[in-house]
Amino acid sequence: MKHLVAPSLLAADFTRLAEEIRMVNESQADWLHLDVMDGRFVPNITFGPMVVEAANRLCTKPLDVHLMIQEPEKYIGQFREAGADVITVHYEACPHLHRTVQQIRETGAIAGVSINPHNPVSLLEDILEEVGLVLLMSVNPGFGGQKFIYNALLKIQRLRDRLTTRNLSARIEVDGGIGLHNAEKVLQAGADVLVAGSAIFKADDPKDTIRRFKEIGGEMMKFV
């Protein structure tokens, strides 16, 4: 199955938001990734359901909403109503993760779970059968433009091995520091979805950069 590319709106020019989303619509991008931050779970504040709703009115691609917030269970319904097609919550923010994942699934959205760079994929062992997406952070969450943490490659491979062994279909999404210089290694390790912000929106030709992201890959050997 061909990998997906999800441009991260966090890196867009918010004074030209409609134009930026139009560019994504006209590109080969698969999803639009939206990072919701609350200033509590991460040291930054971005946007909430109102911006997601505005993006939904403009965007023709599925909305991939990443909730980097405390108590996400309080807001899942709002983000689904705003147009989220995929809703991902953090393992670290959910003391009752199974319940929260079920809550997402009940809305009809694809349920995703994410873990921070310092946490092992083994923590997700008992939730993998319940989710459609696992988002592995390859930077510390909270800010765009950070450098890729290369230990993430081993985590991607370990997670791919677990999913394959158990015959599970959850996609592996990787977010943080991804560019054309390292995307092939991320895919070789076993990723299905590439989130890229600065590498796309700060590029001289964002649509062509998305095309180049899509062309990476094919039949590749696993990263070793």
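The legends below describe close-up views of a predicted model.

**View 1. Helix H4 and its buried face.** Helix H4 spans residues 97-107, and Leu97, Thr100, Val101 and Ile104 are buried in it. Seen down the axis of H4, these buried residues fall within an arc of 100°, so they line one face of the helix. Arg99 and Glu106, on the other side of H4, are exposed. The cover over the buried residues of H4 includes helix H3 (76-82), strand E4 (86-90) and strand E5 (110-115). Just after H4, Gly108 has a positive phi of about 95°.

**View 2. Strand E7 and the strands paired with it.** Strand E7 covers residues 171-175, and four of its five residues are buried. Strand E6 (residues 133-137) runs parallel to E7 and is joined to it by five bridges. Within this pairing, Val134 stands opposite Ile172 of E7. Strand E8 (residues 193-196) also runs parallel to E7, with three bridges between E7 and E8. Here Asp175 stands opposite Val195 of E8.

**View 3. The β-α-β unit of E7, H6 and E8.** Helix H6 (residues 183-189) forms a β-α-β unit together with E7 and E8, and the unit is right-handed. The two strands of the unit are parallel and share three bridges.

View 4. Thr209 belongs to helix H8, residues 206-215. Its relative accessibility is 7%, and Thr209 therefore counts as buried, the cut-off being under 20%. Apart from neighbours within four places in sequence, Thr209 is in contact with Leu180, Ala199, Ile200 and Ala203.

**View 5. The aromatic pair Phe14 and Phe47.** The structure holds two aromatic pairs. In the pair of Phe14 and Phe47, the ring centres are 6.1 Å apart and the planes stand at 35°, a tilted arrangement. The pair links distant parts of the chain, 33 residues apart: Phe14 lies in the loop between strand E1 (4-7) and helix H1 (17-26), and Phe47 in the loop between strand E2 (32-37) and helix H2 (49-58). Phe14 counts as partly exposed at 40% relative accessibility, while Phe47 counts as buried at 9%.

**View 6. The aromatic pair Phe148 and Tyr150.** The ring centres of Phe148 and Tyr150 lie 4.8 Å apart with their planes at 75°, so the pair is edge-to-face. Phe148 has a relative accessible area of 9% and is buried. Tyr150, at 41% relative accessibility, counts as partly exposed.

Technical notes: Residues numbered from 1 in each chain as written. Predicted model: local features only at pLDDT ≥ 70, side-chain atom pairs only at ≥ 80, totals over all residues. Heavy atoms only, no water. Buried < 20%, exposed > 50% of the residue type's maximum accessible area, 1.4 Å probe, protein only. Contact = heavy atoms within 4.5 Å. Arc of directions from axis to C-beta. Pairing = 2+ DSSP bridges. Right-handed = clockwise from strand over helix to strand, strands pointing away. Phe/Tyr/Trp six-rings, centres within 6.5 Å; stacked < 30°, edge-to-face > 60°.
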